[in-house]
Amino acid sequence: MNIADGKARENHVGASTILFLSPSAYPLGGVADWIEYLLPGLEASGTRCVLGLMTGRHHLVEPYLHRHPWHDVCRISNPSGSREGRINSLMQTIGDLGPDIVMVVNIADAYEAVRRLRIAGANSPRVVMTLHGLQSDLLADISTERDVLDGVIVTNRLTQKLASDVLGSQARVLYASYGVLPQTGMSGSNSLPAKAIRLLYCGRLDQSQKRVFDLPILLKRLLDMGQVATLSIAGGGPDELALRDKFVELQLEDSVKFLGVLDTEALSREYCANDALIISSVWETGPIVAWEAMSHGLPVISSRYLGCGLENALVDGVNCLIFPVGEMDEAARAVARLFSPGLRAQLIAGGLDLIRTRFSRAVSISQWHAAIDRVLELPSLPMPAARPPLPSSGRLDRLFGATAAEGVRRTLGIVFRHGEAGGEWPHTSGASIDEAAWISDAWKVDFMGATH
């Protein structure tokens, strides 16, 4: 039995309603920046874009909207704190709004909500995962929810390949880039850096993905080479205190400045005030920060992170300088290359050309619009199967079953309080893939087809 096409067929993109489901706990990252420009870009074509923000103890909507304002917002709460409560709240929101398509931004329970609506015979929307990470648990979610997912939209060619393999369909996995605005303010024109080179890091202060502990090592390597350098760090995150300690241990505290989390204007000033942006990540599906730096005429010095191979955007010596992940001797030599006559001008020109042709907001919005349009044109999926009952969330579930227990919780005002944002509204279902094997295979896929 096929699900009815419903409003998706009546309105099509250009006159439809799109519900974006997103956490509100992370207003400082690139995904929130992407949402901020994409929604008005889609609405310009006549589409209604509703931003469904999760609320809770760790998901605070007002600070999110202060940084990323939007006029059409629905707040989605979970009065009980249970998984059944999350699913019920999402079903209620989707049912009340009646969107043509639900764009899921790291809200794992949305898929079960849509599954139940379809099984109940409701006029269910199309549902799309927007994939913003190179993570095994996100790919596991694609596998688990393949009978519900009408499409997956990715921002990276490697994630496109991996998601297509997992979903078993190339037609349902679509590519749409991130984008940035062209800038009038530019960094230092084409002049060579001063004797003391000014480096900028911008992003989450996290070791597992971003490898921020490489930053003090890089400064030390530059000093050992006789190159004076300073580093400005814009951003915040879980490893900030440990990172500060590492600069102190290497007696580099006078060479580094922690700027905190910056707004758009302050960050733009930093792009214009420095000589190069440093990216030290293990993996990226953008990163937007690289495209922002290039749009300001700031040269990029980046690790050869997982995700930059098939994307074929960063080209050493053409629009950036590249070093192997974790190799700070190589990174220091890349920084020193900025003093080569003519190279800075080449990198600036190459970066601006890359933004104009591939990573402008106009290009990005056009690609996302086309991808959403394509999802609505695809044949409907067969009716999904019901899932086994959810694992017990406590004594009430064991006594009454999950559905009845949820009613008891709401009637009595029983609330489970989560200790962190990801527990309150999980990003993934928690399924796992062999991480070491997955990473090894992903590296092979990413660089086997790379042209640089």
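So, how many aromatic pairs does the structure hold? It holds five, where rings of Phe, Tyr and Trp (its six-membered ring) pair if their centres lie within 6.5 Å, with planes under 30 degrees apart called stacked, over 60 edge-to-face and the rest tilted.

Quick housekeeping. This is a predicted model, so local features need pLDDT of at least 70 and side-chain atom pairs count only at pLDDT 80 or more, while totals for chains, interfaces and linings use all residues. Residues are numbered from 1 along each chain as its sequence is written, and side-chain values use heavy atoms, with hydrogens and water left out.

Back to the rings. Phe20 and Trp34 make an edge-to-face pair, 6.3 Å centre to centre with 70° between the planes. Phe20 is in strand β1 and Trp34 in helix α2 (residues 30-43), 14 residues apart, so to speak distant parts of the chain linked by the pair; helices (H or I, at least four residues) and strands (E, at least two) are DSSP runs, numbered from the N terminus. Phe20 is buried at 0% relative accessibility, and Trp34 is buried at 0% too. By buried I mean under 20% relative accessible area, with exposed over 50% and partly exposed in between, using a 1.4 Å probe and protein chains only. Trp291 is buried at 1% relative accessibility, and Phe359 is buried at 2%.

Rings also meet charges here. Arg244 lies over the face of Phe258, 4.1 Å from the ring centre, and the charged end of Lys246 sits over the ring of Phe213, 4.8 Å from its centre. The test is NZ of Lys or CZ of Arg within 6 Å of the ring centre and within 35 degrees of the ring normal.

On to the sheet. What's the strand order in the open sheet of seven strands? Reading across, you get β3-β2-β1-β4-β5-β6-β7, with parallel pairing. The edge strands, each pairing on one side only, are β3 (73-76) and β7 (173-175); two strands pair if DSSP finds at least two bridges between them. The twist averages 25° from one strand to the next. Axes are lines fitted to C-alpha atoms, for helices over the stretch in contact, and angles run from 0 to 180 degrees between N-to-C directions.

Zoom in on β4 (residues 101-104) and β5 (residues 126-131): they pair in the parallel sense over four bridges, and Ile101 has Arg126 as its bridge partner in β5.

Two helices to look at on this sheet. Helix α4 (residues 83-97) lies across β1 (17-22), β2 (48-54), β3 and β4, running at about 160° to β1. Helix α14 (residues 361-377) packs on the sheet too, touching β1, β4, β5, β6 (151-154) and β7, and its direction makes about 125° with that of β4. Contact means heavy atoms within 4.5 Å.

Last stop, helix α8 (residues 214-224). Its buried residues include Leu215, Leu218, Leu219 and Leu222. Those buried residues of α8 pack against β8 (197-202), β9 (229-234), α9 (240-249), β11 (276-279) and α12 (328-336). After α8 comes Gly226, with a positive phi near 85°.
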